[in-house]
Amino acid sequence: MLLHSESRVPRIRNNLILIIMKPESLLLVTFASLFGILSLTGCKSGDGNTIKVGEFASLTGKEKTFGMSSHEGTELAFEEINKAGGVLGKQIELLTEDNQSKAGEPANIVNKLISRDGVVAILGEVASSRSLEAAPIAQEAKIPMISPASTNPKVTEVGDYIFRVCFIDPFQGTVMANFAINTLKVKKVAILTDAKSDYSKGLAKYFKEQFTKNSGVISSELDYNGSDKDFKAQLTTIKGAAPDAVFIPGYYTDVALIAIQAQEIGLSIPLFGGDGWESENLLQVAGKAIEGHYFSTHCSPEDTSSKMTSFVAAYKAKYNKTPDAMAALGYDSAYVLAEAIKRAGTTEGPKLRDAIAATKDFEGVTGKFSLNEKRDAVKSAAILQIKDGKFKFLETIAP
Amino acid sequence: MSRILKDPRLLLLIAIVAAVITGLGADQMNLYYRGVIIDIGIAIILAVSLNLINGHTGQFSLGHAGFMSVGAYVAAMITLAAQKSMGAEVLAWMFLPALLVGGLVAALAGLLVGIPSLRLRGDYLAIVTLGFGEIIRVIFQNVEAAGGASGLSGIPRMTGLTWTFILAAIAVYVVGCLVNSTYGRGFIAVHDDEVAASSMGLNPTRYKVTAFVIGAFFAGIAGGLFAHHKTTINPQVFDFMKSFEVVVMVILGGMGRTGGVILAAIILTLAPEFLRAVAEYRMIIYALLIIFLMIARPQGLFHFGRKRKPLTH
């Protein structure tokens, strides 16, 4: 018996391998599994009693932390709205698609959301490059799109159906220049830019304009390439020019390494930057090296307004962590949309667009704001400082 | 029937007529499906053109996204300039010339890279082409006229089903006929044994450069179609991963097998759309598929019949 089974096993195995390796069966398996998955995902259509809102976000890939935060904020907002009875007597159904932080994906996703799922509005993207890809599609289909956190001015220039609930790069650059002059009281600043990123270059440009206009001096302008690992050459040059502070409008991964290496070469002057800094990751990686430095962002969870405190509490209860600015912006974008639907009394594209454009003195988590004629939010920026391994609220700078 | 199928010119004609007919009905088509089908057409052009280099000629190129980006940027800059200076009627006529110029500039880039680097073989060539792809990307990233890191946006949406599939049919026809011609046997000779080929009086470098130039030309065309399909392009689109995707299509389809490569292009473009629900695992599934395939079927997934037909004339 034992012998018998021993001799049979390899034969069965060999036959199996032969069958599996036949091209027809491989093809069959591939197609079968693909269509199986398709049929599983294809049947999640809602009934007529919901209002469908589409969201595209970077839930995986490079910008995952930003995308996740804004998605969670949006999700929380719609949950609250639905609990309070929804809008126009209907519940809102949020359809979220992941674009893997990859170019080329948003176009397909937004096409799918609009033409297959029939959403009434699109919420999305933190990264400006991906909002720019989706915006023309929404514009052509006359479906309003609200970006929570794309700060590049070009995004809303695509057309009159594209909105945003955050401020834009020029404003943030100007704010940091005012902060350097009025709060830090520095005269000579070095700038370290990420040459790969338009966000970084934009901030640097408007910072320089405002700072030099107010008789500030730029001691040196240097750049790096995002995801570089060694910044000592640039930092040594900066140190040689002896500035009072360094403006680094980059992203948190690079900033963390820059802060560590600045400390290593003994460059002990204030560093400051923009909202690209805001990530728990910065604190974890840079640790003590980032202590005492500053950045501007959209809002602070330490804000004591009733809106903010209730948002922080609800977010903590649902996700068990403190929300960041991206979460707050995602939350606000959802509420701006819900309110506009209420005011419009309909979900038709053109009427909904007019209602969103008419958003005025909206009481959001990220402060009180209105949408201007360029469809950008006019609002104040918050300055945070890193203290005891935490982001501490320092001041608000109005537009 | 079988005689019709054997005449490539008739097949091309049938494909073009079919493309025009489906193009007529495209307006009623769901935008999402239309977008994905255009993606497939672009992938077919990319895969078939890379197949000429990697499959038929046996040179391992990892720079296809670089050629694609040249075509994309050139074509997009032309139509953007035309949009500013001319009316909408003129713009419609500018699309095809823009694509062709994009393809030609990409072919020129193929020639420039090909002449010095194709004297290298195997791994060395792969590294050179990889480096070339990265250089092109960094150049576009730092040229202000090309929009820098945020690239070009607001490109007119002109890529339709008709043009995509006419151009895909032409790419398949050109590559297929070239390889099956008397001259084209040289590509396969270079692929099989370079030393033997040169001892028979063939010039391997010339064949390799020809394959590179033609491959780059069609990659440029595909880039132009891509730019006018997605309406925004930036340097990050054309990174190493994009080249890699095309290489996978060629390997999956079976090096040098046009039919298989087309099927692989279709499946690999559709798969991520079907896999949207399990997006986090998509790349894992993708990688597992390739590993499994290389172990089980090193000759390619779609291995139909004999390897190569003997020349009929």
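Predicted model: local features only at pLDDT ≥ 70, side-chain atom pairs only at ≥ 80, totals over all residues.

Q: Okay! And how do strand 6 and strand 7 of chain A pair, parallel or antiparallel?
A: They pair in the parallel sense, over six bridges. Strand 6 covers residues 188-194 of chain A, and strand 7 covers residues 217-224.

Q: Which helix goes with those two strands in a β-α-β unit?
A: That's helix 8 of chain A, residues 198-213. Together with strand 6 and strand 7 of chain A, helix 8 makes a right-handed β-α-β unit.

Q: Switching topic: what domains does chain A have in the domain assignment?
A: There are domain 1 (50-167 + 304-379) and domain 2 (170-297). You'll see that domain 1 is given as two stretches of chain A.

Q: Now the inside. Which residues touch the most other members of the largest nonpolar core?
A: Those are A:Val110, A:Ile122, A:Ala138, A:Met145 and A:Leu337, in a core of 114 residues. Helix 13 of chain A, residues 325-344, gives the most to this core, with 14 residues.

Q: Why does this core lie between the two domains of chain A?
A: Because domain 1 (50-167 + 304-379) and domain 2 (170-297) both give residues to this core.

Q: Can we zoom in? What is A:Ile122 in contact with, leaving aside its neighbours within four places in sequence?
A: A:Ile122 is in contact with A:Gly54, A:Val110, A:Leu113, A:Ala134, A:Ala138, A:Ile143 and A:Met145.

Q: Last topic: in what order do the three strands of the open sheet in chain A come?
A: The order is 11-12-13, with antiparallel pairing. Strand 11 (362-364) and strand 13 (377-378) of chain A are the edge strands, and each pairs on one side only.

Q: How many bridges join strand 12 of chain A to strand 13 of chain A?
A: Two bridges join them. If you'd like a pair to look for, A:Ser370 has A:Val378 in strand 13 as its bridge partner.

How values were computed:
Residues numbered from 1 in each chain as written. Chains lettered and ligands numbered in written order. Domains from an automatic or database assignment. Core = buried A, V, L, I, M, F, W, Y, C linked by C-beta atoms within 7 Å. Buried ≥ 20, exposed ≤ 12 C-beta atoms within 10 Å, placed from the backbone. Helix = DSSP H or I, 4+ residues; strand = E, 2+ residues; numbered from the N terminus. Contact = placed C-beta atoms within 7 Å. Pairing = 2+ DSSP bridges. Right-handed = clockwise from strand over helix to strand, strands pointing away.
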